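I opened my notebook to record a few look-ups in this structure. Each entry below covers one topic.

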Amino acid sequence: MESMLAILAGVLTASAIWLFLTADLVRYLLGLGLLSNAVNLALFAVGGLSYAAPPLIEAGAAAPPPGSANALPQALILTAIVISFGLLAYALALVARAYRVLGTVDADAFDADGNPVEKTD
Amino acid sequence: MLLVLPIALPLAAAVVCFLLRERPRARSGVAVGAASALVVAAAALLAHVAAHGPAAAQMGGWPAPFGITLVADLLSACMVLVAAVSTLGVVVYALGEVPEIEQRRGWAGLAFAMVAGVCGAFLTGDLFNLYVWFEVQLIAAFGLLSLRRTRAAAAGAVRYVTLNLLATVAMLAGVALLYGATGHLNMAMLRGAVAGSHEFWALAPAALLLFAFGAKAALFPAFLWLPASYHTPAVATSALFSALLTKAAVYVLFRLFTLIWPLDLYPGAQGLLLAVSGVTMVVGVLGAAAQMEVRRILSFHIVSQIGYMTLGLALYSPLAIAGGLFYMVHNIAAKTNLFLMGGVAKAMTGSEHLSRMGGVWRARPFAATLFLISALAMAGAPPLTGFWAKLALVVAAYDAGDFVAAGAVLGVGLLTLYSMTKIWNEGFWKPHPDPDWTPAPAPATMAGVGAAVAGLLIVMGLAAGPLLEVADAAARQLLDPDPYVAAVLGEDGAAAVRAAMAEAAGHAAGGGAEAPVEADPQGAPGAAPDTEDAP
């Protein structure tokens with residue numbers, strides 16, 4: 001199971017990097033979503049995949065009984081999902097602003113001051 | 001309590017400043033008051049750490065290593081103080097410089113949120129918490145870059161966002177892999193868990209984190225985002241970015257590569273960091289030589305100066321690390337003042353392009369002198385701070401037998417001097433191209449802050465001896481983190497970590513790992529090639 005998740009995370013990451021390397025900002029956003037999901041999957045996999053008891057602490061005990069599932073990776077993934085969601089929402093708004101102001105979503109078509117650049121292939 | 005204040009205070013200030021967005025006087029009062037309170041809190045923290053050694057506190061009462069630890073050693077406390085002083089200066093400067101429309105959109109709130117993230121990054125002892133604080137900084141920086149609606153601002157923001165999000169995800173991937181392999185997120189526990197191992201599960205997260213924080217610090221080859229974006233927002237924003245963001249990433253590099261992966265146990269990583277630092281120094285200053293706009297020149301210089309700081313880390317001797325740390329503090333002061341006085345010149349001459357500036361020396365010699373002091377400090381003229389910092393690095397390089405590094409320090413210093421004199425000649429000394437020009441009035445707060453920081457630079461330069469002793473003490477705390485680990489984990493935990501490190505030092509290469517090897521080789525193709533300089 002871990003190897004399947006690992007391969008899946010690898011495929012997602014590779015697709016995301018390929019999307020990043022195209023100069024299209026909308027494709028960049030899609031790549032960002034894929035990459036965030038890839039890392040969340042990796043977090044899920046390294047947390048340990050097993051059939052285990054829910055991590056509930058008995059009354060009076062200080063820790064869950066041994067053999068319980070590890071709850072920490074899920075907390076980490078939740079945090080990462082929320083943060084990525086916020087960043088993706090901002091990036092989407094930024095690409096929309098860039099399109100309105102610069103007239104293009106082609107990241108190679110403008111220079112550092114926002115002026116159009118002639119594309120020479 | 002002292003550990004929480006530098007984080008809680010800016011966060012509260014951010015909320016209040018957002019609520020008071022539309023009321024200039026209340027907003028300004030809260031901003032300046034909060035920044036001053038932050039300086040006092042930071043100074044109190046530094047005094048406590050200097051007297052009692054590293055201080056740690058567990059958030060929520062959960063014992064280490066299960067809970068999140070906030071820990072301040074000498075380096076963290078110094079960085080928090082420097083960040084607080086920079087914030088105060090920039091906030092006062094911004095009162096006069098940032099256009100009211102941007103202030104109404106929330107400049108002050110975003111700036112304080114960024115400062116909260118930076119202080120959190122300095123004070124946390126937990127790797128995932130570090131990721132969270134870097135995200136706080138990042139989203140606040142994104143906001144600050146988006147306050148303008150111009151073409152340049154949109155282009156700059158796109159360049160900044162695209163690379164920094166990739167670096168962020170790489171950071172998360174590194175933390176995930178390290179957690180999976182060791183089961184720990186607490187940095188002190190990770191020291192004992194990694195313990196000099198050279199196996200893949202220990203090296204892959206190191207590579208990912210080096211790439212992530214190297215990109216955020218603008219090391220070669222992932223540095224071009226900085227000159228493409230830092231010149232687009234308000235000058236106060238550029239100054240705040242240059243003072244805080246890259247230095248937070250450099251701080252993390254210092255922390256990770258002395259605590260978890262000490263560079264003396266990883267000669268390959270040390271060589272890589274040496275090479276990358278040298279190339280960064282040279283490429284940054286050559287890029288600056290080609291620019292004709294004040295803030296673009298200064299942005300390329302930031303890249304070059306980052307190379308100096310990581311060179312101090314890579315040489316890995318007490319003098320080198322002390323030199324790197326002193327360089328960080330010197331650079332924050334000098335670079336911030338260069339941005340601020342450049343902003344004053346821009347306000348006076350109406351332009352940032354060197355061909356359309358001039359005449360500032362004749363019209364306002366005091367303001368021009370303030371720029372000159374910062375420029376000479378940056379270039380390394382004695383008795384200002386840059387000279388002592390560069391001297392420490394050159395001597396450390398000679399002691400280590402690395403003459404290429406020493407030559408790079410000196411050569412890049414010469415080119416830095418060239419750039420500084422270029423800005424001075426073209427922007428301040430020569431007459432203004434328009435013979436009928438009179439200087440537009442710049443608000444007193446702007447020049448006032450510039451004068452205060454320039455004064456600080458002079459005092460720091462004259463007091464370089466005691467300051468270098470503080471840097472040396474901080475460097476020794478970094479190189480022997482036993483008091484840090486003891487503050488976080490208690491005596492038993494510290495003894496366990498010491499045993500693991502001693503075992504690692506005894507082995508020829510690697511070993512001593514107590515955790516099972518659960519290497520999930522996550523296919524991150526961006527990681528390995530980037531850390532080996534392959535373009």
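**Entry 1: B:D73**

I began with B:D73, which counts as buried because its relative accessibility is 1%. I note here that the model is a predicted one. B:D73 sits in the loop between β2 and α3 (74-97) of chain B. I then listed what B:D73 touches, leaving out residues up to four places away in sequence: B:V49, B:P54, B:R255, B:Q477, B:L478 and B:Y484. I also checked B:D73 against B:T336, which is 263 residues apart from B:D73 along the chain. Their C-alpha atoms are separated by 25 Å.

Next I looked at strand β2 (residues 69-72) of chain B. B:T69 and B:V71 point one way, and B:L70 and B:A72 point the other way. I found all of them buried. How many bridges join β1(B) to β2(B)? I counted 4, and the strands run antiparallel. Strand β1 of chain B covers residues 55-58. For B:A55, the bridge partner in β2(B) is B:A72.

**Entry 2: helices α6 and α7**

I turned to helix packing. Two packed helices are described by the angle between their axes and the distance between the axes. In chain B, the axes of helix α6 (residues 127-145) and helix α7 (residues 151-182) come within 11 Å and cross at roughly 175 degrees. An angle over 145 degrees counts as roughly antiparallel, so α6(B) is roughly antiparallel to α7(B). On the α6(B) side, the contact includes B:L127, B:F128, B:Y131 and B:F134. On the α7(B) side, B:A153, B:A157, B:Y160 and B:V161 are among the residues in contact. By class, I noted 17 nonpolar, 2 polar and 1 charged residues in the contact of α6(B) with α7(B).

**Entry 3: B:R159**

I stayed in helix α7 of chain B to look up B:R159. Is B:R159 buried, exposed or partly exposed? It counts as partly exposed, because its relative accessibility is 23%. Its contacts, not counting residues up to four places away in sequence, are A:A107, A:F110, A:D111, A:A112, B:W225 and B:A228. B:R159 and B:S229 are 70 residues apart along the chain, and their C-alpha atoms are separated by 6.5 Å.

**Entry 4: helices α12 and α13**

I looked up another helix pair in chain B. Helix α12 (residues 267-289) and helix α13 (residues 294-315) pack with their axes 7 Å apart, at an angle of about 160 degrees. That angle makes α12(B) roughly antiparallel to α13(B). The crossing of α12(B) past α13(B) is left-handed. B:Q270, B:L273 and B:L274 are among the α12(B) residues that meet α13(B). From α13(B), the meeting residues include B:I297, B:F300 and B:H301. By class, this contact of α12(B) with α13(B) has 13 nonpolar, 9 polar and no charged residues.

**Entry 5: backbone exceptions**

Last, I checked the backbone. Most residues other than glycine have a negative phi, and most peptide bonds are trans. B:A195 has a positive phi, near 45 degrees. I found B:A195 in the loop between α8 (187-194) and α9 of chain B. B:A195 counts as buried, at 0% relative accessibility. B:A218 also has a positive phi, of about 65 degrees. B:A218 is in the loop between α9 and α10 of chain B, and it is buried, with a relative accessible area of 0%.

Which peptide bonds did I note as cis? One runs from B:F220 to B:P221, with omega near 0 degrees. B:P221 lies in the loop between α9 (200-216) and α10 (225-229) of chain B. Another joins B:P382 and B:P383, with omega about 0 degrees. B:P383 is in the loop between α16 (365-379) and α17 (385-399) of chain B.

Definitions and conventions: Residues are numbered from 1 along each chain as its sequence is written. Chains are lettered from A and ligands numbered from 1 in the order in which they are written. This is a predicted model: local features need pLDDT of at least 70, side-chain atom pairs count only at pLDDT 80 or more; totals for chains, interfaces and linings use all residues. Side-chain values use heavy atoms; hydrogens and water are left out. Axes are lines fitted to C-alpha atoms, for helices over the stretch in contact, and angles run from 0 to 180 degrees between N-to-C directions. Helices (H or I, at least four residues) and strands (E, at least two) are DSSP runs, numbered from the N terminus. Angles under 35 degrees count as roughly parallel, over 145 as roughly antiparallel, 65 to 115 as roughly perpendicular and the rest as oblique. Contact means heavy atoms within 4.5 Å. Ala, Val, Leu, Ile, Met, Phe, Trp, Tyr, Cys and Pro count as nonpolar, Asp, Glu, Lys and Arg as charged, and the others, Gly among them, as polar. A crossing is left-handed if the near helix is turned anticlockwise from the far one by less than a right angle, and right-handed if clockwise. Buried means under 20% relative accessible area, exposed over 50%, partly exposed in between (1.4 Å probe, protein chains only). Two strands pair if DSSP finds at least two bridges between them.
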